Amino acid sequence: MTISTKVLIIGSGAAGYTAAIYAARAGLDPIVITGMQPGGQLTITTDVENMPGFPDGVQGPELMEKMRAQAERFGTRIVVDTVVEVDLSARPIKAVTDNRDVYEGETLIIATGAQARWLGIASEQRFNGFGVSACATCDGFFYRGKNVAVIGGGNTAVEEALYLANLAAKVTLVHRRDTLRAEKILQDRLFAHPRIEVIWDHAVDEVLGDLEPIVSVNGLRLKHVRSGAPQTLTVDGVFIAIGHDPAVSLFQGQVELDEAGCIKVDQRTMRLTGTDAPAWAAGDVAGPVTRQAVVAAGMGCVAALEAEKYLAAITPAAQAQAA
C-alpha cells in the first residue's frame, strides 16, 4: 500500500510530535511514523521538572501522551510502525516500513532521536536483559530491595540513580572521572541521598554473573582508570547510562554527518545540508547543543514551519506547470 502526504515525519519524540502539531495546524495533514519506541526517550524518563508550563513537573510518558493527543487533535495521522528504508533522492521522498507499506512525502522531517550507548564489552551483551539494562524506569521494579550499580556521570546517570534509590536497597554510581557532568541540582540530590554511593575514577572491566541454572548478574569487576587496580563490586543489576548515539542508520550515505555522528543541518532552518532533498532534521538526531525536551520541541517547530514555507513556495509553480 502506498500512502502520500505533504509532510512525512519519522520519529515520535518531543521533536516529532511538535513538528506534527505545527504541520497539522497549518492544514498539511502530516503523518508520523512512530518507530520502535513511540514517544522517544522521554517515555523512559520519570520526572520532567524543567518543561515550561508544568510547575509541579510531569512524568515523561504523560508528557508524550499529551503531545501525541495534541498532534492528533489537529489532524495528525499516527502510524505505529518502523521505517526500514528511506530514499531521499526520490520525489516525493519515499519511506518503506517494516509492514512493507510505502509512504511518500513531499517533505520529510527526521526526528529519529538517539539510542542508548553501551559499554561494548562482551559480558555486557551476555547479560543484557538478565541483569544489565539501559532503562531504570523499565526494569527498576525487578530490583526492589536489591543492590544495583549505575554506570555514567551525566544527567541520565544521576536521574537513573535517584529513581532506583526509591526501589533498591543500595545504588552505587560508578564514574570514570572525579567529577560529574550532571546539573548541580541533580548532583545535590544524589550526594544527599542516604542509599546512593559514588565510586570515582573507575571503569567497568567485566560484568560478573551466572549462566546456569538461571542467567543472572552478581557483580562487577571495576578497574581504576589511572592505576589499573581492580575492584569487585557485588550487585544484582547494572544500569548503563553513558549517553546516546544518534539514530541515523536509515540515512547512511544520503546525509552529511558531523563528528558526533549527528545529521548536519542549517542551524537556523533545520534543513539538511549537502543535499537538495526537501528534508529537515530535529531533536537529538540533529545534534542539539543541549539534549533537552524543550530544545528538541523547538527544533521540531522550526522544521515544520520551514517545511510549510517550502510547500507554500512550490505550490504556485506546480499549479502553473500543470496548467
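Guide: Start with helix H2, where Gly-60, Leu-63, Met-64, Met-67 and Ala-71 are buried. Buried means under 20% relative accessible area, exposed means over 50%, and partly exposed lies in between, with a 1.4 Å probe and protein chains only. These H2 residues cover an arc of only 95° around the axis, which puts them on the same side of the helix. The arc is taken over the directions from the helix axis to the C-beta atoms. On the other side of H2, Glu-65 and Arg-73 are exposed.

A word on the source. This is a predicted model, where local features need pLDDT of at least 70 and side-chain atom pairs count only at pLDDT 80 or more, while totals for chains, interfaces and linings use all residues. Numbering runs from 1 along each chain as its sequence is written, and side-chain values use heavy atoms, with hydrogens and water left out. Helices (H or I, at least four residues) and strands (E, at least two) are DSSP runs, numbered from the N terminus.

What do the buried residues of H2 pack against? They meet helix H1 (14-25), strand E3 (47-48) and strand E4 (58-59). Contact means heavy atoms within 4.5 Å. The length of H2 (residues 60-73) checks out: at 1.5 Å a residue, its 14 residues should span 20 Å, and its end C-alpha atoms are 20 Å apart. The expected span is 1.5 Å times one less than the number of residues. After H2 comes Gly-75, with a positive phi near 110°.

Now compare helix H6 (residues 184-192). Its buried residues are Leu-186, Gln-187 and Leu-190. Seen down the axis of H6, they fall within an arc of 100°, so they line one face. Lys-184 and Ala-192 are exposed on the other side. The buried residues of H6 pack against helix H5 (155-165), strand E12 (170-174) and strand E13 (196-199).

Two strands pair if DSSP finds at least two bridges between them. Four bridges join E11 (residues 147-151) to E17 (residues 237-240). Val-148 stands opposite Gly-237 in E17. Axes are lines fitted to C-alpha atoms, for helices over the stretch in contact, and angles run from 0 to 180 degrees between N-to-C directions.

Another open sheet has three strands, E14-E15-E16, with antiparallel pairing. Strand E14 (202-210) and strand E16 (230-233) stand at the edges with a single partner each, so one side of each is left without a neighbour in the sheet. The twist averages 25° from one strand to the next. Strand E15 (residues 216-224) pairs with E16 over four bridges. Lys-223 stands opposite Pro-230 there.

Last, the cysteines. The structure holds zero disulfides, a disulfide being a pair of cysteine sulfur atoms within 2.5 Å. Cys-262 counts as buried at 8% relative accessibility. Cys-301 is buried too, at 16%. Cys-262 lies in the loop between strand E18 (244-246) and strand E19 (279-281). Leaving out residues up to four places away in sequence, Cys-262 touches several residues, among them Pro-246, Glu-256 and Val-285.
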